[in-house]
Amino acid sequence: MNILIAILVLGAISALFGALLGYASIRFHVEGDPIVEQLDALLPQTQCGQCGYPGCKPYAEAVANGEAINKCAPGGEDTIKKIADLLGVDVQPIDENHEQDDSSQSNRPKVAFIIEEDCIGCTKCIQACPVDAILGAAKQMHTILIDECTGCDLCVAPCPVDCIEMRPTAETIQNWQWDLNKIAVKQVD
Amino acid sequence: MESIIERINQGKFWHFHGGIHPPEQKAITSGKPIKHLPLPKQLILPLQQHIGRQGDLLVEVGDKVLKGQALTQSSNPMAVPVHAPTSGTITAIKKSVIAHPSGLSELCLFIDVDGEDTWKKREICQDFSKLSHQDIIKKIADAGIAGMGGAGFPTHIKVNTKPDINFLIINAAECEPYITADDLLIGEQSEAIVDGIKILDQLLNPAFILIGIEGNKPRAIKALQQATQHNDKIKVCVLPTKYPSGGEKQLIKILTGKEVNSGTLPIDLGIVVQNIATCFAISDAVINDIPLIRRVVTLTGRALSKPQNLWVLLGTQVSYLLNQTGFFREVSETKSTPNSPPPNPPVIMGGPLMGFSILNEQVPIVKTSNCILAPSKIEMPSAFDNYSNEVECIRCGQCADVCPSQLLPQELQWSAKAKDHQQLIELNLFDCIDCGACAYVCPSQIPLVQYYRVAKAEIRQQQQLDIKAEKAKARFEARKLRLEQEKTARKEKHDKAAAARKAVMNKKSADGGTASSAVAAALARVKAKKAAKSKNTELPVASGEGQSDNDQTETSPVKAAIARAKAKRLAQEKSAEAPVASNENQKNVVDDTKARIAAAVAKAKAKKAQVNKSSIEQTELSTATKQENMNESVQNTTTEAEEKKARIVLAVAKAKAKAKLKRMDKAQQASTTNNEEST
């Protein structure tokens with residue numbers, strides 16, 4: 001008799017909690033995968049495709065599904081660190097295949113530049129640009145909207161006359177960074 | 001508010017947290033009057049001398065300009081125009097090094113001074129109290145006045161406020177060591193300054209006007225008290241000397257006891273703060289129609305033999321000022337290789353605590369430069385060192401004691417070194433006013449302010465990048481959406497076009513179908529007739545009898561009955577034979593058409609093959625002849641001694657011929673294989 005009561009009570013409790021869990025899973029259902037959004041927010045949004053995915057969001061989705069976190073070249077180590085923090089995994093050195101070419105001496109961000117006298121107006125770069133930062137029409141000279149260019153490099157390869165090159169942006173008072181090593185502003189007494 | 005005024009009348013003030021008492025060093029220049037300099041040969045005017053945007057150029061290279069003539073105009077409210085400080089000719093508009101710690105170049109106007117100092121036409125205003133608010137604000141904006149205390153915020157924006165103003169605070173504290181520019185300006189121009197204050201009073205209509213001035217300027221205090229003795233609204237508040245009491249938030253705290261919260265502006269408390277030099281510039285602009293073209297600059301430091309305050313035209317190069325004040329160039333100790341030229345002795349723009357060393361003595365004076373400090377080695381040995389004496393933080397906490405913004409400088413320093421931007425923001429780094437008090441008291445000689453400046457710039461940069469990334473993301477998403485829409489639109493269009501084509505085809509085929517079926521039916525009938533004719537041999541009697549019967553029925557109705565009976569009989573006989581005959585006919589027809597179709601197909605194939613072959617042969621022939629022709633022409637041209645060109649043409653022709661032959665070979669192969677397959 002006691003055993004029967006125990007079974008009944010435990011059964012009732014389990015049924016109750018089962019119902020509760022079932023209700024909660026419906027009531028508090030989360031649409032989509034929020035981790036993808038968080039990852040996407042960490043990526044630099046250059047949409048360059050250097051990671052092998054067509055844009056930052058697809059790479060964020062891939063990372064959420066277990067892709068390596070060290071493939072974002074424009075983001076560099078900072079981004080890897082942030083992603084590692086978010087996902088609770090170890091920081092990895094940047095993938096050699098995805099390392100950015102740092103041979104140039106300037107570390108300023110680069111943007112595409114069209115050598116306008118060479119441009120034949122083929123519109124191939126316009127189709128390649130992921131952020132619509134190239135202005136032009138067929139058989140008309142094209143030009144880059146510097147403020148919109150993310151420096152992703154994707155327009156350089158399709159150009160049939162090689163008239164696009166990546167140039168570092170100019171250093172201005174607005175974007176100048178204090179350099180502790182170069183300029184010693186002395187504190188005096 | 002009344003209690004505040006009572007306290008002020010009793011000479012009691014509040015205190016701000018922290019602060020330091022560095023050696024004042026004001027006596028170097030405070031005893032000498034402001035000197036007017038001879039006109040320099042050249043002036044360099046940066047287009048942007050303030051916070052905000054630069055104006056649009058109004059002049060071109062080669063233009064003659066008069067003193068006070070506007071050189072830029074503002075299309076943006078945050079833009080402030082610049083004016084010609086004296087008459088002369090614009091010789092260049094190009095990038096030049098400006099007074100900025102980065103030593104970067106910005107767009108500057110170069111004026112060759114003609115020495116005549118001819119004024120533009122001025123309209124002197126006799127009674128400013130008759131001017132409307134808009135007129136005064138327009139005059140201030142057109143005169144290019146930006147805050148002359150240091151930041152250079154456009155004044156016409158600051159004075160163009162709607163809400164009720166409790167206090168207008170005039171900042172004459174001038175708390176930084178060495179600087180005496182405001183002190184002497186007040187001493188010499190107190191009447192004009194009070195006029196400027198009255199203009200601001202008219203604009204803002206505050207309940208009270210408080211002039212905050214440190215007690216170390218007795219002559220200036222006396223002059224101000226004399227100038228304001230008939231005006232109860234204006235109170236001259238003599239403050240105890242403490243650095244940085246001239247900071248906007250610190251001054252507000254001292255005078256009113258109110259704290260300006262992080263992220264808010266003094267205007268939220270009903271307070272407007274103006275620098276006293278700005279008041280002078282306002283009175284000059286509104287009353288005398290003199291735009292902001294000159295300012296008082298303190299030339300000081302033990303490396304100068306004649307330190308003094310000077311009236312300096314904007315755009316005057318620092319090197320000119322140093323020469324005028326007898327700069328003794330002390331060579332600094334070089335730790336670098338002996339071959340490299342010795343670095344210039346340090347020249348600091350601004351005060352010793354908040355200024356920056358200028359890399360190039362050619363930089364011009366701008367609206368915000370109040371002091372040029374050229375220290376001697378004994379006076380300021382650290383400025384001559386090319387190395388840092390920084391050692392580890394010993395956590396003494398002195399920096400936190402002196403911080404006027406009540407921040408935690410050592411925590412900030414660690415976070416700045418670790419580049420922990422989140423933590424820096426949480427520690428309110430952006431409330432730091434760069435006063436340098438923490439670095440002044442630091443026993444480990446850590447240049448704390450430098451770390452904060454770097455961190456601030458980095459955080460701003462990061463914020464800009466974040467904004468850009470957000471924009472790039474939006475654009476990327478928009479593009480994806482657009483491409484998707486275009487794709488679906490295209491597909492729809494295709495489908496529609498295909499459907500339309502199909503409909504047309506169906507209509508046509510329906511018409512054609514009926515036509516062809518009619519033809520086919522006709523053909524079939526003819527064939528059937530033929531077949532029937534050929535079968536006639538089998539049924540000659542029957543048909544002949546039938547016909548004769550028909551004739552007979554027409555001619556002799558008498559025999560009709562007999563004929564009918566006969567016909568009946570015949571029909572009975574026919575019905576036994578006819579089915580077999582018709583079957584045979586049909587079979588024959590089907591066989592016939594099949595054979596015909598097969599023949600036609602075979603013919604078509606044969607024809608195609610022939611055509612292919614012949615065309616290939618033809619093209620081969622034609623190219624061969626072409627080549628020959630070309631060869632001939634090439635020979636001709638070589639005789640005309642255009643060997644190079646000819647060779648190129650030949651090479652190109654050869655390459656073309658080669659390519660063509662290759663293509664043809666391929667085509668032939670393909671066609672033969674096709675033929676084989678088809679046969």
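Modeller: Happy to! Two residues are in contact if their C-beta atoms, placed from the backbone, lie within 7 Å. In chain B, residues 24 or more positions apart account for 71% of the contacts with a separation of 6 or more. A word on the source: this is a predicted model, in which local features need pLDDT of at least 70 and side-chain atom pairs count only at pLDDT 80 or more, while totals for chains, interfaces and linings use all residues. Residues are numbered from 1 along each chain as its sequence is written, and chains are lettered from A and ligands numbered from 1 in the order in which they are written.

Chain B has 679 residues, and 36% of them count as buried (20 or more other C-beta atoms within 10 Å of the residue's own, with C-beta atoms placed from the backbone). Chain B holds 18 helices and 16 strands; these are DSSP runs numbered from the N terminus, with helices being H or I of at least four residues and strands E of at least two.

Let's turn to the sheets. Two strands pair if DSSP finds at least two bridges between them. An open sheet of chain B has four strands in the order β10-β9-β8-β11, with parallel pairing. Its edges are β10 (234-239) and β11 (271-275) of chain B, each with a single partner strand, so one side of each has no neighbour in the sheet. From one strand to the next, the twist averages 25° (axes are lines fitted to C-alpha atoms, and angles run from 0 to 180 degrees between N-to-C directions). Five bridges link β8 (residues 167-171) of chain B to β11(B) in the parallel sense, and I169(B) sits opposite V273(B) in β11(B).

Elsewhere, β6 (residues 88-97) of chain B runs antiparallel to β4 (residues 64-65) of chain B, joined by two bridges; here V65(B) has G88(B) as its bridge partner. β6(B) also pairs with β7 (residues 105-113) of chain B, antiparallel over nine bridges, and T89(B) is partnered by D112(B) in β7(B).

Finally, the neighbour: 31 residues of chain B are in contact with 24 residues of chain A. On this side of chain B, α15(B) gives the largest share, 13 residues. The residues of the side touching chain A comprise 18 nonpolar, seven polar and six charged (Ala, Val, Leu, Ile, Met, Phe, Trp, Tyr, Cys and Pro count as nonpolar, Asp, Glu, Lys and Arg as charged, and the others, Gly among them, as polar).

How values were computed:
A residue is buried if 20 or more other C-beta atoms lie within 10 Å of its own, exposed if 12 or fewer, and partly exposed in between; C-beta atoms are placed from the backbone.
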